[in-house]
Amino acid sequence: MRLLLLGGTAWLGGQIAGLAVQRGHSVTALARGTSGPVPPGVHFVVSDRDAPEPYAAVAGDWDAVLDVTRHPGHVRGAAAALNERAAYLALVSSASVYAAHDTPGGTTSDPLLAPIDTDLMETPEVYGEAKAACERAAVAGFGADRTLIARAGLIGGPGDESSRSGYWPWRFAHPGTPDGAVVVPDVPALSTQLIDVRDLAAWLVECCERHTAGIIDAVGETVSLTEHLAIARTVAGHQGPVLRADPDWLVAQGIQHWSGERSLPMWLPLPEYAGFMARAEGPARAAGLHPRPLTQTLADALEWEESRGSTERSSGLSDHDARELARQLAQRLRTDATTG
């Protein structure tokens, strides 16, 4: 297969390119080349997709084009330049395109956010709207019968610079507290749905080989946050106390949901996000996406996090914040036990 990868030097794109080469395909990656190294065996074309005629250097016909962009103008430009020279387009979209996330078991027929009407995603706050516009441009350019829209769930595993998948196994391995205590959000009703970057990449390459068309939620196994944290703890070999914190108390302490500074990754508010990581898995499994066990993903994420040493992480609590939060919660629990 002649595969044209629009991107290919960042995290997911690099995984796709490397796996496609391993499967014996001829892979060309077109990108600016500023997001990471080019995998061995990949023909790399340096090009800025915002510049005039960015696809002039990728002449010839293609069995498949795979695009990871978040900018609708990039998709429109690629479709105009390549739709008569490429048999198929796979677009990596996101489950963030859905208008609501409060109901578990959601499907691809659920209502979407209104697409942005600009060429570029100007801010991360409109990521879902931008991806919705990318989807519309892909189908308009290639046709529904020649296009895969892969709405990826939360992607994790080794190489996750966001720290959303690696923070918990790393924190359990390095509690940062005198007694090894780790504070976790007490939300047993919240689900998680992590798709390993390697599994997603392999599946996308297979879809390009088969020319799988349609709209598919590319999600991992649905696991409660409680079980997810238990697996992270086991992977890390943690033996210290686990302090379960009421969500309202965490918010009162200034702890953020999901990601970023002073956050507890994977934690989301309920009920409005009860279905964000609990989408229907069946269609993806029927299309050949079979995730590896979460234990393996978190173990490999921990190994990668350890390789980074003491590098500051994009999400989670600092050691200082982890110690202070554990101290405050332990004191609160003791007070409650005494007065209750």
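In this predicted model, an open sheet of 7 strands runs in the order 3-2-1-4-5-6-11, and the pairing is parallel. Strand 3 (43-46) and strand 11 (214-218) form the edges, each pairing on one side only. From one strand to the next the twist averages 20°. Strands of a sheet pair through backbone hydrogen bonds, in either a parallel or an antiparallel sense. Strand 2 (residues 26-31) and strand 3 are joined in the parallel sense over 4 bridges. In this pairing Ala29 stands opposite Phe44 of strand 3.

Helix 1 (residues 11-22) touches strand 1 (2-6), strand 2, strand 4 (64-67) and strand 5 (89-94). The direction of helix 1 makes about 170° with that of strand 1. Helix 3 also packs on the sheet, where it touches strand 5 and strand 6 (147-152). The direction of helix 3 makes about 165° with that of strand 5.

Helix 3 (residues 127-142) packs against helix 2 (residues 72-82) as well, at an angle of about 10° and with the axes 8 Å apart. Helix 2 is therefore roughly parallel to helix 3, since angles under 35 degrees count as roughly parallel. Helix 2 contributes Pro72, Val75, Arg76, Ala79 and Leu82 to the contact. From helix 3 come Ala130, Ala133, Cys134, Ala137, Ala138, Gly141 and Phe142. By class, the residues of this contact divide into 10 nonpolar, 1 polar and 1 charged.

The loop between strand 3 and strand 4 holds two residues of interest, Ser47 and Glu53. Is Ser47 buried or exposed? Ser47 has a relative accessible area of 11% and is therefore buried, the cut-off for buried being under 20%. Its side chain reaches the backbone oxygen of Pro54 at 2.7 Å. Apart from neighbours within four places in sequence, Ser47 is in contact with Leu30, Ala31, Arg32 and Pro54. Glu53, by contrast, is exposed, with a relative accessible area of 67%.

Ser163 lies in another loop, between strand 7 (154-156) and helix 4 (167-173). Its relative accessibility is 0%, so Ser163 counts as buried. Which residues does Ser163 touch, not counting those up to four places away in sequence? They are Pro265, Glu305, Arg308, Arg313, Ser314 and Ser315.

| Residue | Relative accessible area | Class |
|---|---|---|
| Ser47 | 11% | buried |
| Glu53 | 67% | exposed |
| Ser163 | 0% | buried |

Backbone geometry is the last topic. Most residues other than glycine have a negative phi, and most peptide bonds are trans. Phi of Glu53 is near 50°, a positive value in a residue other than glycine. Ser163 likewise has a positive phi, near 70°. The peptide bond from Leu270 to Pro271 is cis, with omega near 10°. Pro271 is located in the loop between strand 15 (263-265) and helix 8 (282-286).

Technical notes
Residues numbered from 1 in each chain as written. Predicted model: local features only at pLDDT ≥ 70, side-chain atom pairs only at ≥ 80, totals over all residues. Heavy atoms only, no water. Axes fitted to C-alpha atoms, helices over the stretch in contact; angles between N-to-C directions. Parallel < 35°, antiparallel > 145°, perpendicular 65-115°, else oblique. Contact = heavy atoms within 4.5 Å. Nonpolar A, V, L, I, M, F, W, Y, C, P; charged D, E, K, R; others polar. Pairing = 2+ DSSP bridges. Buried < 20%, exposed > 50% of the residue type's maximum accessible area, 1.4 Å probe, protein only. Polar contact = N/O pair within 3.5 Å; in protein donor to acceptor, adjacent residues only side chain to side chain.
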